[in-house]
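Q: Could we go through this structure together? I should like to begin with the overall picture and then turn to details.

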Amino acid sequence: MGPRHITRAKCHFFKDDNLQQVLHELPTKNTAAKTKLAITVGPACQTVEKLVELLDAGVTCARIDLTWAPIEYHRTSLINLNEAMRRTKRLCAVMLDCLGRELMIKRKYGVDENGWPGIFEQLNITKGQRVTITTDTSRECTNEVLPITYPKFAAMCEPGDQIFLGRYLTTGADESSVFLNVIEVSGSEVVCTAASDAVLDGLLMVFHLERSGESLSNLQNDLPALTDFDKQALTTLCSEFEVDFVSLSYCRSADDVYECRDFLASINADHTKVIAKCETRQSLFNFRTLVDAADAIIISRGNLGLDVVPEKMAMVQKAMISTCAILGKPSIITRVVDTMIHTPRPTRAEATDIANAVLDGVDAIMLGAETYRGNYALETVTTVKDICRAAEEVFDHGNHFDHLHAESEYYLGSDLDPELPRHKIGRTISHASLGSDHGGMPSIYSMANLPRVGSNMGAPLTYTAKLESIAASAVKAADKVGAALIVVVTHTGTTAAMVAKYRPVMPILTLVVPYLKRDGMKWKLEGRHAARQALLTSGLMPMLAAPTPSAGETLIEEAVQLALVQGWVEKDDHLVVVSRSQQDEVMVKIVSVDEQGAGIKRIRPKSLYDMLKAAGHCVPEDDEDLEPLQPATSGGAGLLARRNTLSRPSAVLHGRRNEALVMPAASDLADAPVANGTSH
């Protein structure tokens with residue numbers, strides 16, 4: 001059966017046609033957006049003081065772009081970022097963006113006092129002018145001759161092709177870029193005419209546009225996914241700093257992701273996640289397998305917008321975001337407020353573009369030239385955050401949940417152990433390819449009264465599918481009881497990501513509990529990476545907890561105390577907690593803040609049933625109607641079943657005395673900083 005991923009157009013909700021509901025001011029309390037914000041660190045924001053301002057404003061991820069500047073410059077950026085995190089007591093993920101298959105014009109450059117390379121000579125191009133791109137790098141770069149770094153470029157081109165030439169991170173709206181029309185290809189030279197006037201300065205990038213309107217007919221360059229410089233920079237920086245993500249530029253297929261994972265494992269950085277950066281049409285033809293293989297997707301709209309006809313770009317973006325949402329992978333978009341490089345306010349189109357992306361379900365917004373070399377980095381972050389908050393207020397959570405829940409029936413999941421080094425995980429994994437927080441297992445048990453997340457082919461339920469079912473139940477329970485917060489206790493962040501996939505109305509406090517992991521003859525404490533890696537997933541608020549063997553009452557109590565201090569919950573508010581017991585069982589339970597706002601007041605089963613009845617659910621009148629779990633007499637050996645169920649199993653929380661939905665432990669089946677918060 002072919003893919004069955006449907007893009008839903010409706011992703012917002014208005015109660016009526018009264019505009020008062022959208023014209024009110026944003027709340028001044030809890031000003032963090034669920035949508036994450038990533039910045040590109042460059043000359044405009046490299047100092048500790050500027051990074052402190054940006055972290056306080058809501059930045060959750062810092063991108064170090066290896067395309068430009070030496071390794072020593074990036075080392076300084078990371079040192080400053082660590083100091084900014086220490087001062088603000090805020091977590092910030094680190095992303096290294098590789099050079100990859102980038103094509104560049106070779107030019108002379110100098111270095112300023114801060115170690116930043118610069119090209120100070122401008123090229124003046126006039127409309128209709130003949131421009132020759134040559135692979136002879138010994139020739140000097142002039143207004144008429146542009147030596148390119150890729151020696152086989154001429155073989156890729158044909159008369160009639162279009163070539164885009166622009167400054168690194170160009171906005172496309174100014175004179176720092178130009179389209180060239182190929183009129184002749186001769187030996188090592190590609191002769192073109194300029195389609196407009198342009199003043200070109202800085203590092204010049206070359207993009208060869210796809211000549212076919214629907215298919216893929218261009219000859220692709222044979223450059224590797226990771227250049228030698230990429231490997232050198234990754235080896236150096238990963239050994240000195242904690243790197244959470246590697247962004248794979250010009251990623252074409254799943255094989256590129258596997259190659260990157262293998263290299264990261266070879267330098268002992270297998271904890272680093274790989275993000276596939278989709279920049280060409282070829283990545284779209286391989287998108288489904290690419291999403292399966294990668295940990296997240298960057299929709300690089302600058303280059304992708306060149307390779308896709310303009311009238312199709314909006315639909316392509318919506319389809320990509322929808323597929324990522326269904327498969328539980330974070331999606332990140334780029335190029336949102338280009339004009340804020342030079343102005344303190346975005347255009348109407350830019351503001352609408354950001355809001356529409358949030359309503360489509362994007363996880364994060366990545367800022368490029370706006371913070372890299374822009375004049376209004378802080379204003380840009382604040383503006384984008386507020387636009388995201390406004391869009392999140394009208395996000396249709398119910399429609400999103402129903403859509404994903406329906407699509408999940410076509411998902412099989414994975415039984416693979418997420419604690420294995422990621423490069424050793426099989427290469428045909430569907431969905432998150434992460435298994436569970438404590439390890440995958442053979443699916444020889446089924447959960448009683450869980451909304452079934454299975455396949456349409458009669459295959460057995462996998463452990464990951466069951467875990468996702470619990471995540472969906474937690475979100476539905478939180479919605480039904482009007483919870484103010486969802487608390488997820490996790491080791492690797494997998495369970496929290498599954499909960500976040502369903503986009504609950506309330507934020508998700510992610511308690512990452514460090515754990516010991518064998519490293520040869522030694523043991524090391526893992527967990528810091530998982531906390532920071534949650535900072536690219538919408539809705540997650542990670543907090544690094546103290547190491548503990550289980551999510552005991554003390555840990556949950558401390559989480560509630562932190563939520564009270566931060567203003568995330570108030571007295572009498574309900575919280576839904578997803579955690580593990582001392583028997584390593586996954587539980588979903590509901591707790592509430594006491595009347596004094598000082599701690600937890602438990603909701604007993606009777607109270608829980610009363611709440612569910614008030615919400616319109618049909619529940620048993622007394623505890624006698626709920627029979628204990630009994631071994632199933634058919635449908636597979638070892639399966640468990642419950643005879644009597646609540647009328648809507650996908651919308652309620654099931655429990656017996658302990659208010660918890662319990663998943664069998666892995667062993668039974670098989671034989672502190674806060675993100676944009678304060679220290680804890």
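A: The answers below move from the whole protein to single elements and residues.

Q: Before that, what kind of model is this?

A: This is a predicted model, in which local features need pLDDT of at least 70, side-chain atom pairs count only at pLDDT 80 or more, and totals for chains, interfaces and linings use all residues. Residues are numbered from 1 along each chain as its sequence is written, and side-chain values use heavy atoms, with hydrogens and water left out.

Q: How many helices and strands are there?

A: The protein has 20 helices and 30 strands; these are DSSP runs (helices H or I, at least four residues; strands E, at least two), numbered from the N terminus.

Q: And what share of the residues is buried?

A: Of the 680 residues, 57% count as buried, where buried means under 20% relative accessible area, exposed over 50%, and partly exposed in between (1.4 Å probe, protein chains only).

Q: Which strand order does the open sheet of 7 strands have?

A: Its order is 4-14-10-11-12-8-9, with mixed pairing; two strands pair if DSSP finds at least two bridges between them.

Q: Which strands stand at the edges?

A: Strand 4 (103-104) and strand 9 (145-147) do; each has a single partner strand, so one side of each is left without a neighbour in the sheet. Strand 4 runs antiparallel to strand 14 (residues 204-208), and 2 bridges join them. Within this pair, Leu103 has Val206 as its bridge partner.

Q: Changing topic, does the span of helix 10 agree or disagree with what its residues should give?

A: It agrees: at 1.5 Å a residue, the 17 residues of helix 10 (residues 310-326) should span 24 Å, and the end C-alpha atoms are 25 Å apart. The expected span is 1.5 Å times one less than the number of residues.

Q: Which of its residues are buried?

A: Among them are Met313, Val316, Gln317 and Met320. After helix 10 comes Gly328, which has a positive phi, near 70°.

Q: Now Asp573: where is it?

A: Asp573 is in the loop between helix 18 (553-566) and strand 25 (574-580). Its relative accessible area is 22%, so Asp573 is partly exposed.

Q: What does Asp573 touch?

A: Not counting residues up to four places away in sequence, Asp573 touches Ala484, Val591, Ser592 and Val593, contact meaning heavy atoms within 4.5 Å. The C-alpha atoms of Asp573 and Gly597 are separated by 9.0 Å, although these residues are 24 residues apart along the chain.
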